[in-house]
Amino acid sequence: MNIFNNAALLIGIPLLFAFSIPLFGFISKQLTKWVTIFVIGFNATFSLYILLAHKFPSVVVMGNWVPPFGENLYVGPVAVFLVTVVSLIGLLIAIYNLWAIKGGDVTRFSVLFLMYIAGASGIILTGDIFNLFIFMEITEITSYALAAYGPERRALGGAFKFLVVSSIGSTLYLLGVMLIYTQLGTLNIAEIAARIGQTTPGLLTFAGVLLISGLAVEAELFPFNGWVPDTYTGAVNGVSAALSGIGAIAGVYALFRIVMTVLGKDGMYVLTYGKLDLMAVIAILATATVVIGELSALTQKNVKKMLAYSSMAQMGLVAAGFSIGSTLGVYGGIFQLINHSIAKSMLFLIVGVLVAAGVGERIENFKGLWKRSPFLSLAFTIGAFSMLGFPLFAGFWSKFAIVGASIQRGGWYDFIIGLVLFASVAEAFYYLRIVTYIFSSTEMEKPKIKVNLSPAIPIFILAVAIVAIGVYPNLIGNFSMQSAGEFTHKMKDYVLNVIPTITAH
Amino acid sequence: MNSNIIWLVVIPLIGAAVSAIVVRYKLLDRIVTFLTFATTLFVLFSVHVGDSYLWSFKFLGTTLNLTFGVSHLSIFMLYISVVFGTVLTFYSLIDRSKMKGFLLLLILAANNWIFMANDMLGFFFAWELMGWSSVLSVLGGRETENSRHSALYYAMMSIAGSYSMLFGIFILWRLTGTFSIAANVSYLSSTLGMHPWWVLGIVSLFFVTFMIKSGIFPFHTWVPLAYAYSPDSFTPFLSGVMSKYGVYGMLLFLPISLMEKGFPSAFGGIPWANYTFVWIGVVTAVVGTILAIFQDDVKKLLAYSSLSNLGYVVAAIAIFSPVGVTAGIYHAFNHLLFKGALFITLIAVISRTGTSKMSEMGGLWKKMPITFFTFFIGIASAAGIPPFNGFGSKWMIYQAMIKQHLPFAIILLFLASTGAFMYLFKAFHSVFLGQLSHKYDNVKEVSVIGQIVEFFLMFAMIFFGVQPGYILKPIGAIVSSMGLKPLPVMANGYVTGMFSNVYVPLIGWSLAISFIFGFILFFVTAKHKYVPQENNYTAGQNPQDWGLTPETYQFSWNFYQPVEKLFAPFFKIKVDGFFRGVGDWTKATGSAIKEIFVENAQMYTFFAVVGLIIFVIAGWVA
């Protein structure tokens, strides 16, 4: 067990500054946005340092109470990698917000955004299922408020739906935690993971069902994803980008940390303890999510709503990858998760710029965009192609890995991936419809779109990242591979790193 | 190891990057494209059969080997595609259509990779790369909205095909643990005896992809759309080169059928899977021909003609006898040459007239004589008239069929061939012969670059028609590399066959002499009177009283109306309708499913709770 307490700063600094931002707000509203960038920039740099200097796996021990007695953070390959991605994407969105967030209560927006980043990092780093609940609440409550930000009425409706559904989710999760606590008397993930075999199978299954029902809300799995379309559509684009780029990562991470590490059984393919194999349940849910998401997006005329449905469907694909349970599948899932975050947040940012430029967010409005703004058109095309998994773009490799993993497992996973691929053809239709609109010319010459520097920087960086990963997949692939092991070999790569003396029961 | 062959992929990619940067300056873009093609051709000279290159990288948790290798088949395909591309891009220096050079170069990179890939991983990568760049290339035709629709239609079919192949690739990987094409093919042929149905199922996953890409019935529906509405200077590449990818893929997998032991034979002693495939080819040939007859858009007409010719190719290679494979590859080459030439001359015509409707053209031969002669030779080749290049391959295809005792297939192919005369004559006459419309009085011949290309194409069509040996020898090497006994090639002038050999130059000379004789006779004896377009048909009455416009005088106006009536009942069967039906059904299901996400928070809560209850019950029951 390596102790690396500084990693707690990844949560502490954003929280500290989040609460002190109103002070900066007295000086200038503009300053609060810069403080946000500065703080998230710190997070990004520090997590990159941990990732590249290989300071993991290590544990943050609070007040010298070693786990399982104290609350700990676990800085494993997954955590570091995902926190890096979360804070980098958060940084880019913060840069975009510099331009996008002008009206309204800028100070409080900055507070909420920082807390959102802190909450998401907390979910990823924590080593305790109750703390996971707390961070989940922080993330969710801030995201209701963020989603409600802005002048539009539909934002309120979306945020309210999110609030209702995710409150139910949190309650179910808490019930699940409670059931596990009554059985084992501990909340530490590593200890529960080691001793999960001691629980009563029936009760464990019930607890597991409650836990995944609660977590599926944030991970956007059917039937708990009803909030997705309205909330994404209603929120301002920077927030939609954050929800799909940051919230989704945290949500999927939490779901599979619980199912694979806490409830899972090591093996060639991870299964769960209890009467019901929850991985199979998730596989079915994920497939339903993909099919329903893609088919719903098919007839959408509103690009933002279409992106929301697509986001849901992509989360389904990610979950399908994880639920295969082999190293290859988890690898594909993580890879796809990252690729989706990059591409989808970029697409939302582009829509934001277009809406601000008066283009509008309906599909017809994209007609002839190539003439008006080659930069945005190319970036949108790159993002769409990455979503579709075309080669030379990031999405190709992850989709390839997921398909490969599920056919490698065989059995009814062949059927699952068949359905997913069918849905992907539908996905190709609605993305390519926009792309073909972009490149077809119109009769009327419309004015060119000027893109300010502050939104242009994040869009450019994200587009370049997609192509870079597409050409050199190991940029993400190596980290994904390290991370995959942590999910599939929970004793060796997770539990023993936190509590070296424990033995599995 | 020969690292030169990797440059065949890298150079086009670099060229594509450069061309993408200068995309705003059209001429510069075209020059870069042409130079890249020329450089690739130059590099290709240093590539020989047996060269290979291995590039391994860690991915999917293991070390994956991307292997490139040059077989007899690949070097043949590489040469014909790169040479044709070079000619086309040279022509497109003077072209003004919206073809994007960097997309064509991406397709070239994919093209070279597809032909050199020895592993399915690289093959799929290149296939997908080719897929999306060609979809984008189809955008930007003259008619924006049609072009957009056809690009989307093509994309849907192409992507459905790719996913089918991806599924097949991983199924094979699960069975053999390797991505190598050769290893998997030999695995499939060794299991054929035990599990014929499995093998057939896996192979058909691949063949669906190849049939879609080549536009074989019943997946031909995208072909006329994409060909007709793509940018004019991209269509030759689409038709000439890209339709051959499917044929190449099929040739990779067809050697499986050599092992006939597990498979019951159909008529003619060929395995019935192959027999079915021969018939698919024959049906494609017939369907393509019949539909081509009734087109008014000349690009659509030639698109259906492409379809029909690919049907010939597939029918021939599916027999998988020495004559069959030779004839199939030979016809694929010939099709590339004459169809490329026809589409290139059409760029010239369309750029001058601004339309591709045959009923709006006519009489252009006086204005564009060189284009006219190129088109004429292209038509003659496509119809399979002896001294030109289309003859030998068709002749060999019939021989291959006779050898396997497939009389009904031959009858249908003859029908298709006769039909080909009908539509080719229609195209020829309506575009170039007949009366010149007044709006084309100021039309000029293409510029010098275009003329150079046209002379080159004319030369090639005559040369390979008269000296087929130059192309039959490399094909012989391909055939023997597939484990078949190659046909003997006697001298360059001979088309070898099962029953007799044809000495083409002799036919050529006799035809030329009789043609010259007939021409002299025509000039000496015939009495000509040239009349303007309006002064015709109406016996002195005022045509406007009859509701006639100059358009309706055009030769091709309702050209084959009687034949059309004859076939009218068959037009009710629409394959296209099936795919559109699937699309509409998916859309309708989509809109129904969308209703789940109503704008009511109680509904979501209800769903979540119901979902939870179902889980709990499932856990309780399990």
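**Entry 1**

I began at G325(A), which sits just after helix 12 of chain A and takes a positive phi of about 85°. A reminder to myself: this is a predicted model, and each value here is computed from it.

I then stepped back to helix 12 itself, which runs over residues 303-324 of chain A. How far does helix 12 reach from its first C-alpha to its last? I get 31 Å for its 22 residues, close to the 32 Å expected at 1.5 Å a residue. I also looked up how covered helix 12 is, and 22 of its 22 residues are buried.

**Entry 1: chain A as a whole**

Next I zoomed out. I find 20 helices and four strands in the secondary structure of chain A. Along its principal axes, I note that the C-alpha trace spans about 70 × 60 × 40 Å.

I checked burial for the chain too: 68% of the 505 residues in chain A are buried. For contacts in chain A between residues at least 6 apart in sequence, I see that 80% join residues at least 24 apart.

Is N2(A) buried or exposed? I count N2(A) as exposed, because it has 10 C-beta neighbours inside 10 Å and the cut-off for exposed is 12 or fewer. N2(A) belongs to the segment before helix 1 (9-27) of chain A.

What does N2(A) touch, leaving aside its neighbours within four places in sequence? I find P57(A), S58(A) and V59(A) in contact with N2(A). I also looked at K55(A): 53 residues separate it from N2(A) in sequence, yet their C-alpha atoms are 9.0 Å apart in space.

**Entry 2: where chain A meets chain B**

Last, I turned to the two chains together. On the chain A side, 54 residues are in contact with 48 residues of chain B. Several helices of chain A give two or more residues to that side, among them helix 6 (153-184), helix 11 (278-298), helix 13 (327-356) and helix 17 (412-439). Which helix gives the largest share of the side of chain A that touches chain B? I have helix 17 of chain A down for that, with ten residues.

I sorted the side of chain A that touches chain B by class as well, and it has 34 nonpolar, 16 polar and four charged residues.

Methods:
Residues numbered from 1 in each chain as written. Chains lettered and ligands numbered in written order. Predicted model: local features only at pLDDT ≥ 70, side-chain atom pairs only at ≥ 80, totals over all residues. Contact = placed C-beta atoms within 7 Å. Nonpolar A, V, L, I, M, F, W, Y, C, P; charged D, E, K, R; others polar. Buried ≥ 20, exposed ≤ 12 C-beta atoms within 10 Å, placed from the backbone. Expected span 1.5 Å × (residues − 1).
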